[in-house]
Structure formats: C-alpha cells, structure tokens
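Open the model in your viewer and keep the selection tool at hand. We will go from stop to stop, and at each one you will hear what to select and what is there.

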Amino acid sequence: MLENQGWTLARRPMGEPSVEDFSLQSVPLKSRVVEGEVLVRNLLLSLDPYMRWRMNDAKSYARPVEIGQVMVGATVSEVLVSEHPGFKPGDTVLGGGGWQEYSILKGETLQKLTGNVPPSTALGVLGSPGFTAYAGLMKIGMPKPGETVVVGAATGPVGSMVGQLAKLAGCRTVAIAGGPEKCALAKEMFGFDAAIDHRASHLGERLAEACPRGIDVYFENIGGRTLDAVLPLLNDFARVPVCGLVSQYNDDGPYEGETRLASLMRDVLIKRLTMRGFIVTDFAEYRDEFLEMAMPLVASGKITHLEDIVDGLDAAPDAFIGLLQGKNKGKLIVRIA
Ligand code: NDP
C-alpha cells in the first residue's frame with residue numbers, strides 16, 4: 001500500500017481562498033488496480049483559475065469538489081502499473097490525477113505523451129489553455145487581418161496564446177495585464193503591439209489610445225472593471241468570446257460602477273455584437289486540428305510560452321491563491337515529483 005499525500009477541500013471559501021480551506025491528508029488509494037485502470041505517480045500538476053469555482057457549492061458546467069475530496073486538476077504522470085492495453089509502466093501520460101502524489105485512473109481518460117516537446121507543455125501551451133485560446137479565438141472570434149484583438153490576463157497561458165495566434169492572423173494585438181513587468185513581458189516575449197496595465201488608473205482612456213480603430217475581437221478572460229472599459233470601444237460586428245471572468249471568481253460582491261446588464265444588452269443590440277460563452281470541451285472535435293497547427297510552431301519556437309513552476313505538493317495552496325491575485329508569471333505548474 002502506497003503512502004499517498006493529497007490536498008483535500010477542508011471547507012468552502014468565502015471570497016478569497018486561504019490555506020485553511022485546504023487540508024493535506026494521507027489519502028487512501030484503492031488496494032487493487034482493476035482491468036481498464038492505470039496506477040500513476042503524478043509528476044506535474046496544473047493549477048488553473050477554474051478550480052476556484054469548483055470549490056463553491058454552486059450549479060455550474062462541472063460538479064463542485066466535495067468537502068473532504070481531493071482537489072481536482074490535470075496532471076502529467078508516470079505509469080507505474082497498467083491494467084489497460086494502451087499503457088505500460090514508464091509511459092508519460094496526461095490525465096486528471098488531482099492534487100495528490102498517486103492516482104488510479106481509467107485508461108480511457110489518459111493520453112500518452114510523445115513528441116519532441118517537454119511534457120509540461122501538455123498542461124499549458126499545447127494543453128487545455130492553448131486549445132482554449134485557439135478554439136475561442138479562431139472559432140468564435142474569427143479574427144481578420146488588420147483587425148484589433150484585445151485580451152486580458154495576457155501573459156497567462158490562454159492570453160499569451162490568443163495574442164500570438166491573433167498576430168499570426170495579421171491583427172493588431174493589445175494586451176491587458178497586471179503591472180508594468182507583465183506589460184513589458186507581453187510586448188517583448190509575446191509580441192503584443194501594445195500592453196495596458198489594468199492596475200493603473202484611467203484604464204478606459206489608455207485602452208482607447210491603444211486601440212485607435214476600436215476593438216474587433218475582445219477575448220474575455222477577466223470580466224468586471226475591464227469589461228466596462230472595453231465595451232465603449234467595441235466596433236460594429238465585434239466578437240466577444242467569453243472564456244473566463246477571473247476577476248469575479250472570488251465572488252467579492254459588486255464593485256463601484258458595476259457593469260449594468262441593461263447597458264451591456266443595449267450594446268449587444270445596437271452594435272449587433274456576438275458574445276458567446278464557451279467551455280473548451282465544446283470544441284473537442286477541433287483538438288487534432290489545433291495540435292497539428294500548434295505543435296510544430298511550439299517545437300520551432302515560433303510560438304513561445306512561459307511556465308511558472310513551483311516545487312513540491314506542499315506549495316500548491318499558496319501558489320493557487322497567488323494565481324487568483326495575479327502573482328504567477330505564465331502557466332502555473334506544481335512539480336510534485
Ligand atoms: P492565468 O495563468 O493567466 O492566471 C490568471 C490571471 O488572471 C492572473 O495571472 C492575473 O493576470 C489575472 N487576474 C487574476 N485576478 C484578476 C483580477 N481581479 N482582475 C484582473 N485580472 C486578474 O490563467 P489562464 O490563462 O489559465 O486562464 C485565463 C482565463 O481563461 C481565466 O478566466 C480562466 O478561467 C479561463 N479559462 C477558460 C476555459 C474555458 O473552457 N472557458 C479554459 C481555460 C481557462 P494579471 O496579473 O495579468 O492581471
């Protein structure tokens with residue numbers, strides 16, 4: 001029997017999560033790996049903003065994590081024991097191992113990782129975040145050469161990919177990011193034409209200066225105040241893929257000047273805006289198309305990416321709390337083993 005440490009949900013957070021909302025436990029594994037299953041050692045754990053919503057007991061597109069349950073999460077893992085014909089010990093796989101050292105997973109949910117790119121890319125630029133950027137931008141945003149594309153959380157794995165794909169599509173790209181350091185990173189590393197610090201004052205005016213021909217595609221990652229600044233700049237027939245609302249995940253209640261649904265809907269009508277919420281799995285049929293396009297560009301360095309790797313499972317809660325405060329620089333990953 002393996003000693004298996006894992007972080008469980010201790011209680012549901014009110015507002016911003018704290019370390020006390022998690023509990024490091026010795027979590028039992030089933031005693032036997034049965035047909036179709038695979039025992040894995042989790043090597044890398046992806047930390048993602050959606051996990052905050054899963055800590056709430058609210059109806060959503062996915063079930064909440066229960067109190068006492070191991071926190072969910074995508075992992076890159078090494079196969080130790082396999083009772084599935086598709087995998088053998090030593091294989092490196094992508095799966096949903098969660099915030100723990102070992103997991104027993106159904107073989108059908110795993111994906112073997114091969115190719116000439118580091119396995120960590122399967123959690124970021126070539127994984128769910130990269131594909132989210134591709135699906136939202138290309139299938140909903142539909143950028144055309146010469147158009148202006150704006151994206152928030154622009155140095156993260158989704159935003160940085162949106163920026164680079166929009167640039168490849170011939171667009172003017174404008175980043176919204178937290179702080180001067182991230183704004184510099186957005187321009188220097190990810191090639192954005194302009195970068196706006198959402199923490200500085202007069203966001204609306206500065207965004208207007210950066211978008212002299214208005215905004216044709218706003219890839220929504222943030223919500224709240226940023227959306228307020230973007231709305232007046234949207235052009236006729238602008239497209240808004242609604243991917244995430246990270247500024248609202250901690251549910252801190254309304255802020256001064258909160259977006260009013262009525263004026264939002266007025267813009268939707270008058271400007272014939274397309275606003276479409278999406279979950280990346282809606283576009284599963286395009287995953288191979290995405291990998292075919294992105295894999296060579298990542299391998300050759302034409303698409304660049306940034307990873308923020310923290311060491312040890314112990315560090316997971318703090319790192320996750322920091323993600324919701326913008327402390328991460330690039331795709332946040334915990335190196336478990
Ligand atoms: P990131 O790694 O970019 O991390 C989140 C970032 O959000 C932070 O670094 C910070 O960047 C920004 N942020 C945090 N709090 C605030 C705030 N209060 N106001 C403004 N910005 C804030 O995340 P991802 O790239 O993984 O995800 C980006 C978005 O995409 C999220 O909203 C996420 O939920 C969504 N998503 C949606 C999917 C879908 O299927 N619809 C799938 C995957 C992701 P900064 O410091 O620059 O502000």
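Start by selecting Lys 331 and Asp 48, whose side chains meet in a salt bridge with 2.9 Å from N to O. A salt bridge here is a side-chain nitrogen of Lys or Arg within 4 Å of a carboxyl oxygen of Asp or Glu. The two partners come from distant parts of the chain, 283 residues apart: Lys 331 belongs to strand β15 (residues 331-335), and Asp 48 sits in the loop between β3 (37-46) and α1 (50-54). Helices (H or I, at least four residues) and strands (E, at least two) are DSSP runs, numbered from the N terminus. Buried means under 20% relative accessible area, exposed over 50%, and partly exposed in between (1.4 Å probe, protein chains only).

A word on the model before we move on: it is predicted, so local features need pLDDT of at least 70 and side-chain atom pairs count only at pLDDT 80 or more, while totals for chains, interfaces and linings use all residues. Residues are numbered from 1 along each chain as its sequence is written, and side-chain values use heavy atoms, with hydrogens and water left out.

Next, select Lys 139 and Glu 289. Their closest N and O atoms lie 2.8 Å apart in a salt bridge, and the pair ties helix α2 (residues 128-141) to helix α8 (residues 287-299) across 150 residues of chain. Lys 139 is partly exposed at 25%, and Glu 289 is partly exposed at 34%.

Lys 167 lies in helix α3 (residues 157-168), and Asp 193 lies 26 residues away in the loop between α4 (180-188) and β10 (194-197). Lys 167 is partly exposed, with 34% relative accessibility. If you want to continue with charges, select Lys 88, Asp 91 and Lys 112, which shared partners join into one network of salt bridges. The total count is 13 salt bridges.

Now for the sheet. In what order do the 6 strands of the open sheet run? Colour them as β10-β9-β8-β11-β12-β13, with parallel pairing; two strands pair if DSSP finds at least two bridges between them. β10 and β13 (274-277) have a single partner strand each, so one side of each has no neighbour in the sheet. From one strand to the next the twist averages 15°. Zoom in on β9 (residues 172-177), which pairs with β10 over 4 bridges, and find Ala 177 opposite Asp 197 in β10.

α2 touches β8, β11 (215-219), β12 and β13, and its direction makes about 145° with that of β11. α3 touches β8, β9 and β11, at about 170° to the direction of β8. Contact means heavy atoms within 4.5 Å; axes are lines fitted to C-alpha atoms, for helices over the stretch in contact, and angles run from 0 to 180 degrees between N-to-C directions.

Last, check the backbone. Most residues other than glycine have a negative phi. Ala 153 has a positive phi of about 45° and is found in the loop between β8 (148-151) and α3. Phe 237, at about 65°, also has a positive phi, and its place is in strand β12 (residues 234-242).
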